[in-house]
Amino acid sequence: MGMFTSINIAATGMSAERLRSDVISDNIANASTTRTQEGGAFKKSTVVMGPVADKSAQWRTPFTPQSLDNGPGKGVKVLEITKDTSQGRLVYDPDHPDAIQSGPNKGYVEYPNVNIVNEMVDLIAASRAYEANATVIDGAKDMFTAALDIGR
């Protein structure tokens, strides 16, 4: 395992959490958008993350869990950004330009399926995860500095 592996792993986490924060911010910004270029109300986006597996693990310890067949991972990556296609809340407003013109929901306006409270909680979690990864980088930097000081 290289000297900078912990920094590289934390950096992947920081990058993924920054993208997650951007997607959450986009959801919040469009919480009242009733018309999009695709048509219809804005649909909430979600970031799906997964591990970056180490396919060429050179070492294992007896304490490594069996579920990590290839040894420890190399960080996290964004697998995809998905759209939540569930229907948003319907509000009766027949004078709204985006009101449904026919069918059982005539006169209703579909608003985005974005819950501001949930989005704010997710944003706080993403921010804390970003900060945790930054702390890992600072700790690794401090360890490297201490190791260099010992060698003097």
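Reader: How many residues has H2, and what does it reach from its first C-alpha to its last?
Author: This is a predicted model. In it, H2 has 35 residues and reaches 51 Å between its first and last C-alpha, close to the 51 Å expected at 1.5 Å a residue.

Reader: Which residues of H2 are buried?
Author: Glu119, Ala126, Asn133, Ala140 and Phe144 are buried in H2.

Reader: And what do the buried residues of H2 pack against?
Author: They pack against H1.

Reader: Let us take Asn133. Why does Asn133 count as buried?
Author: Asn133 has a relative accessibility of 17%, and buried means under 20%, so Asn133 counts as buried.

Reader: Which residues does Asn133 touch, leaving aside those up to four places away in sequence?
Author: Asn133 touches Ala10, Gly13 and Met14.

Reader: Turning to Arg18, where is Arg18 found?
Author: Arg18 is found in helix H1, which covers residues 5-29.

Reader: Is Arg18 buried or partly exposed?
Author: Arg18 counts as partly exposed, because its relative accessibility is 45%.

Reader: How far apart are Arg18 and Ala126, in sequence and in space?
Author: Arg18 and Ala126 are separated by 108 residues in sequence, while the distance in space is 7.6 Å, C-alpha to C-alpha. Ala126 is one of the buried residues of H2.

Reader: A last topic: at the start of H2, what does a side-chain oxygen of Asn115 reach?
Author: That oxygen of Asn115 comes to within 3.0 Å of the backbone nitrogen of Val117.

Note on methods:
Residues numbered from 1 in each chain as written. Predicted model: local features only at pLDDT ≥ 70, side-chain atom pairs only at ≥ 80, totals over all residues. Heavy atoms only, no water. Buried < 20%, exposed > 50% of the residue type's maximum accessible area, 1.4 Å probe, protein only. Contact = heavy atoms within 4.5 Å. Helix = DSSP H or I, 4+ residues; strand = E, 2+ residues; numbered from the N terminus. Expected span 1.5 Å × (residues − 1). Polar contact = N/O pair within 3.5 Å; in protein donor to acceptor, adjacent residues only side chain to side chain.
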